[in-house]
Amino acid sequence: MNVKKLLPIIKVTFYTFVIMNLLRKILLPIVPIYYVVTWLRNKMYDLGIKKSIAYDFPVIAVGNLSVGGTGKSPMVEYLIRLLKDDISVATLSRGYKRDTKGFQIVSTSSTARQVGDEPLQFKNKFTDDIIVGVDGDRRNGITNLRALSDKPDVIVLDDAYQHRKVKAGFYILLTSFNDLYCDDIVLPTGNLREPTSGARRADVIVVTKCPSDISSEKRTEIKERLKVSANQSLFFATIGYDTMVVNASESKNIKAFSETPFVLVTGIANPKPFINHYQNLGLKFDHMSFPDHHNFTDKEIKMLETHPTIITTEKDYVRLAPDLNKKSLWYQPMEMKFIDDDHLFDQTILEYVKK
């Protein structure tokens, strides 16, 4: 590996970390203001002063209190797999960082810049099994999806927990095992989009990215810390990494790269579990970290082109594939896996949908 070529990115990452931590300390006095504003907004919706639209068909909202990194995409994909064989499913996302506006239907020929990386990932993976739409206005997006000739029977809203203009029929709240929302505070110093009281809206809370051998004692402790109410269900899940990595034309067992140093590229909110997984496999790699949903510049693409082997996430792959040699670019498939009680989670979702 040419370490000199990595130095600019290492420097940028370091300086970004230092600056962000400094800003958080400076902005600490704003935390109470942000807290009150978001609390009042929620209270106005709770009291009906601000209006939410409910629907007479199943709408499932997946989201979090934190800013990214809890596993929303794997959860959406889990729901798609659970439902798609028996019912017509659509996903609706904002299409973060796309260049287009308004409602768009995602096709396999779309680009990440047109529709966003996660919606394109859903469409590429499930193709004709689902409808994928993007719209920053979820009300408008739902209206347009239901106006289609092949209208969906159920709509899964990706990252819509705070989008209260829409009242979903079922809310799934995610929180990461190593970054529980009960241990955090609101923006701009913390990472919470709203106060922890917002967790009361959830029908189901899923603690994601858990160690697969999490003990029953630890689960009980977390349940108490999260203050899960009697009308809520709590589940624990981990990330399951496929043994194969994939490029445009083939797949290989990840062990095939054990003697081949490569670059691991991540543009996701929390790459730690991904990095830890590869380290635990004993693989040799350099890690290049970019911000979540990062749009790679021409300069960065040219720098990446100098590396013969790159492994990345599925989300990053849809942004990098149009510009990089597809033979040298691989992605790591991953899935959300529930620990012990996946059948109970499935039953909870299916019962809601069948209503």
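Reply: A pocket is an open set of points on a 1 Å grid over the protein atoms alone, where a 1.4 Å probe fits, with protein on both sides within 12 Å along at least five of seven lines; a cavity is a set from which the probe cannot get out, and lining residues have an atom within 4 Å of a point. The model is predicted, with local features needing pLDDT of at least 70 and side-chain atom pairs 80 or more, while totals for chains, interfaces and linings use all residues. Numbering starts from 1 along each chain as its sequence is written, and side-chain values use heavy atoms, without hydrogens and water.

Two or more lining residues come from each of α5 (117-126) and α10 (314-320); α5 gives the most, with four. By class, the lining of this pocket has nine nonpolar, five polar and two charged residues (Asp, Glu, Lys and Arg count as charged, and Tyr and Val among the nonpolar).

The whole structure has one cavity of 30 Å³ or more, and the largest cavity contains about 40 Å³ of space. Y96, K97, A112, R113, G116, D117, H293, N295 and R319 form the lining of the largest cavity. That lining divides into two nonpolar, three polar and four charged residues.

Terms used: Grid points are joined across faces, edges and corners, and a volume is the space filled by probe spheres set on the points.
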